[in-house]
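Please examine the sequence and the structure shown below before reading the report.

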Amino acid sequence: GRTVRGRYLDRTLLRTPSLALDRARLELLRMADRVRSMLGDILPAVLHGTRWTLLEIEERDDEVDSLHRQIITYLGEISQTRLSERETEELIGLMEATNDLEAIGDLVETNLVALGLARAEQGLTVSAETTRVLSEFHASIVEALDLAMLALTQKNEDAARRVSKMKRAVNSLERAATAHQAERLVAAEPDRVANYRLEVDVISTLKRIYYFTKRIARVSVPHEEKAAMTDE
């Protein structure tokens, strides 16, 4: 497996929790870059990529898991120090965000890679129209992850709110994709049922990834707003 060493997790800073938390945040950004590249590359690979391309993306999750372990350990060490109430809240938020990012990596590595491998094995051809519909949906999920990371790393409340507001657009894209699938299902095409199942599974996995981006974004909003953003 591919492991990677943490670059910012400096143990000498544990005596100054505010600095240590900033370092954890920087390391989290490195982890997020890897998750972002996996998420960005996975859709074309699922729909048209070779087995090799899919396995290469799967392998990248080893680095994500390795950084996840190191960040959680470091945050655990920070939690043993004397923290203010604000620092405690920040620590919990960073822990949640680290776990949520790892969950996104796992959904790519496990669910989406498996769908792509099954498609390659069955020799399914995905149409240009299906590719367009799913790519549009996928692009909105990638954008949500980008905004969530902007929210987290720069404590950008506006970006956090935008992730939450994307819910309507995500739902309407999901409806359009589902309607497109239903139409295709009655078309007399070979492999239409297999194609239909592939699309449904891709969409439901991307929707779960969106849910985790919303959780990451929530870390950056004031306490009283958090409840309003968790409706699922």
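This is a predicted model: local features need pLDDT of at least 70, side-chain atom pairs count only at pLDDT 80 or more; totals for chains, interfaces and linings use all residues.

Residues are numbered from 1 along each chain as its sequence is written, and side-chain values use heavy atoms, without hydrogens and water.

The protein chain contains 7 helices and 0 strands; helices are DSSP runs of H or I with at least four residues, strands are runs of E with at least two, and both are numbered from the N terminus. Some overall values are collected here.

| Property of the protein chain | Value |
|---|---|
| Box filled by the C-alpha atoms, along the principal axes | roughly 65 × 40 × 20 Å |
| Share of the 232 residues that is buried | 46% |
| Share of contacts between residues at least 6 apart in sequence that join residues at least 24 apart | 79% |

Contact means heavy atoms within 4.5 Å. Buried means under 20% relative accessible area, with a 1.4 Å probe and protein chains only.

E63 lies in helix α2, which spans residues 51-79. Is E63 buried or exposed? E63 counts as buried because its relative accessibility is 16%. Leaving aside residues up to four places away in sequence, E63 touches R2, V4 and R34. The side chains of E63 and R34 are also joined by a polar contact of 2.7 Å. A polar contact is a pair of N or O atoms within 3.5 Å; within protein, one must be able to donate a hydrogen and the other to accept it, and residues adjacent in sequence count only if both atoms are side-chain atoms.

Notes
Buried means under 20% relative accessible area, exposed over 50%, partly exposed in between (1.4 Å probe, protein chains only).
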